[in-house]
2 protein chains.
Amino acid sequence: MAAKALIQMALDSLDFDATIALAEQVAPYVDILEIGTPCIKYNGLELVTALKAKFPNKLLLVDLKTMDAGGYESTPFYEAGADICTVLGVSDKATMGGVIGAANANNAEAQIDLISVKDKAACATDAAANGAQIIGVHTGLDAQAAGQTPFADLKLIADLNLGVRISVAGGINKDTIQSTVQAGATIVVVGAAIYGADSPADSAKELRALVDAA
Amino acid sequence: MAAKALIQMALDSLDFDATIALAEQVAPYVDILEIGTPCIKYNGLELVTALKAKFPNKLLLVDLKTMDAGGYESTPFYEAGADICTVLGVSDKATMGGVIGAANANNAEAQIDLISVKDKAACATDAAANGAQIIGVHTGLDAQAAGQTPFADLKLIADLNLGVRISVAGGINKDTIQSTVQAGATIVVVGAAIYGADSPADSAKELRALVDAA
């Protein structure tokens with residue numbers, strides 16, 4: 001039996017205090033706290049420091065979506081406590097290499113985000129060969145609004161058997177989370193299904209039970 | 001005779017105070033102050049507010065390099081005083097549309113960054129048709145380190161005669177700035193040539209004279 005899948009909570013608010021408050025509500029039920037891209041640009045490194053201090057036992061992902069200057073951009077976030085930073089699969093190979101190098105230098109991990117990548121299999125294969133620890137199968141918010149989902153891409157990447165973890169993001173909810181894990185996701189990212197619920201804590205608890213039973 | 005080209009100063013430091021200090025040194029000689037991508041992720045919105053307050057007569061560009069959630073991510077930066085935000089040409093069309101919409105709602109401008117775009121002519125043509133005011137021809141720092149320059153791409157985009165402004169970034173210095181303007185750049189981005197100089201102010205002054213004489 002495979003290791004249990006991890007649940008990642010996408011903290012997509014812009015507000016500093018609301019982000020901390022949401023993390024407090026869901027922390028008992030999730031494994032990874034994710035600072036979303038708009039949120040990190042809005043709040044800066046200070047939010048990384050604050051979340052790491054408050055939740056030292058949770059993994060912290062900073063969704064930098066780095067596109068250039070990989071090592072330069074990601075290093076301070078790893079040093080501030082990020083366990084995982086993301087870099088775009090559409091970026092230059094040297095950029096991905098820079099983030100992977102910064103991750104290794106800080107005993108942390110780099111995630112390659114396949115959002116908008118045309119040849120996802122080739123990108124994932126190269127990324128794994130270059131030392132990325134996580135491949136992110138990701139249907140962005142704008143693409144979700146157009147009706148897209150990450151599920152076909154998940155099958156494509158899982159079938160490659162790359163020996164890396166596979167993170168899946170893109171509108172996952174209680175109806176799809178178990179099939180996502182069964183299809184090979186080792187990290188499931190949940191955002192709106194939790195923060196859009198009447199009780200984020202109850203929703204997170206329910207999703208935790210579903211993942212652990214999958 | 002064409003309008004004078006604008007000079008954009010790329011503020012690439014991570015440090016808040018050093019960024020303000022560099023802006024103070026070069027402001028008399030440049031038209032646009034750019035908060036670089038690593039710098040905005042590190043410092044957050046507060047730096048936009050601070051720079052706008054200190055330099056109300058300069059144009060302020062926030063190099064968000066947005067990849068998803070275009071309107072959501074860029075709106076607070078426009079509202080805080082950004083005159084221009086960037087969005088990646090490799091992003092979803094809806095993402096670019098979101099940033100263009102946010103720009104228009106704030107009487108500001110959106111710049112499409114062609115970094116890592118495969119078909120740059122098609123992307124620039126679509127972006128102009130969709131209302132982007134600026135096309136950014138951009139050789140990233142990691143690609144510059146591998147010896148690439150933006151000059152061939154500038155010619156490609158200038159020859160399209162799209163009726164938008166063309167911004168060029170990628171290692172421009174005193175030896176190349178005049179030919180860049182003559183080749184069709186209406187915004188020239190300078191970073192290391194200024195901040196790496198013994199006197200950033202003297203370097204900016206020299207580049208200003210070169211651009212105005214081009």
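Predicted model: local features only at pLDDT ≥ 70, side-chain atom pairs only at ≥ 80, totals over all residues.
**View 1. Chain A as a whole.** Start with the inventory: chain A has eleven helices and eight strands. Its radius of gyration is 16 Å, close to the 17 Å that the globule rule gives for 214 residues, so chain A is as compact as a globular protein of that length. Along the principal axes, the C-alpha atoms of chain A take up a box of roughly 45 × 40 × 35 Å. Some 55% of the 214 residues of chain A count as buried. If you take the contacts in chain A between residues at least 6 apart in sequence, 61% of them link residues at least 24 apart.

**View 2. The barrel of chain A.** Here eight strands close up into a barrel, running E1-E2-E3-E4-E5-E6-E7-E8, with parallel pairing. On average, neighbouring strands of this sheet are turned by 25° against each other, direction ignored. Where E1(A) meets strand E8 (residues 187–190) of chain A, the two pair in the parallel sense over four bridges. For a landmark, look for Leu6(A), which stands opposite Ile187(A) in E8(A). As a reminder, strands of a sheet pair through backbone hydrogen bonds, either parallel or antiparallel.

**View 3. Around Ser13(A).** Ser13(A) sits in the loop between strand E1 (6–11) and helix H1 (16–26) of chain A. With 18 other C-beta atoms within 10 Å, Ser13(A) is partly exposed, because a residue needs 20 or more to count as buried. Skipping neighbours within four places in sequence, the contacts of Ser13(A) are Ala18(A), Thr19(A), Leu22(A) and Cys39(A). Thr37(A) lies 24 residues from Ser13(A) in sequence, and their C-alpha atoms are 9.9 Å apart in space.

**View 4. Inside the largest nonpolar core.** This core has 138 residues, and those touching the most other members are Cys85, Ile135 and Val188 of chain A together with Cys85, Ile135 and Val188 of chain B. Zoom in on Cys85(A): beyond its neighbours within four places in sequence, its contacts include Val62(A), Leu64(A), Phe77(A) and Tyr78(A). Ser74(A), Val99(A), Ala103(A) and Ala110(A) are also in contact with Cys85(A). In soluble globular proteins, nonpolar side chains tend to be buried together.

**View 5. Where chain B touches chain A.** Across this interface, 33 residues of chain B are in contact with 33 residues of chain A. On the chain B side, at least two residues each come from helix H2 (37–43), strand E3 (59–66), helix H4 (70–79), helix H5 (93–105) and helix H7 (141–145). H2(B) gives the largest share of that side, six residues. By type, the chain B side splits into 18 nonpolar, nine polar and six charged residues.

How values were computed: Residues numbered from 1 in each chain as written. Chains lettered and ligands numbered in written order. Buried ≥ 20, exposed ≤ 12 C-beta atoms within 10 Å, placed from the backbone. Contact = placed C-beta atoms within 7 Å. Core = buried A, V, L, I, M, F, W, Y, C linked by C-beta atoms within 7 Å. Rg over C-alpha atoms; globule rule 2.2 N^0.38 Å. Pairing = 2+ DSSP bridges. Axes fitted to C-alpha atoms, helices over the stretch in contact; angles between N-to-C directions. Nonpolar A, V, L, I, M, F, W, Y, C, P; charged D, E, K, R; others polar.
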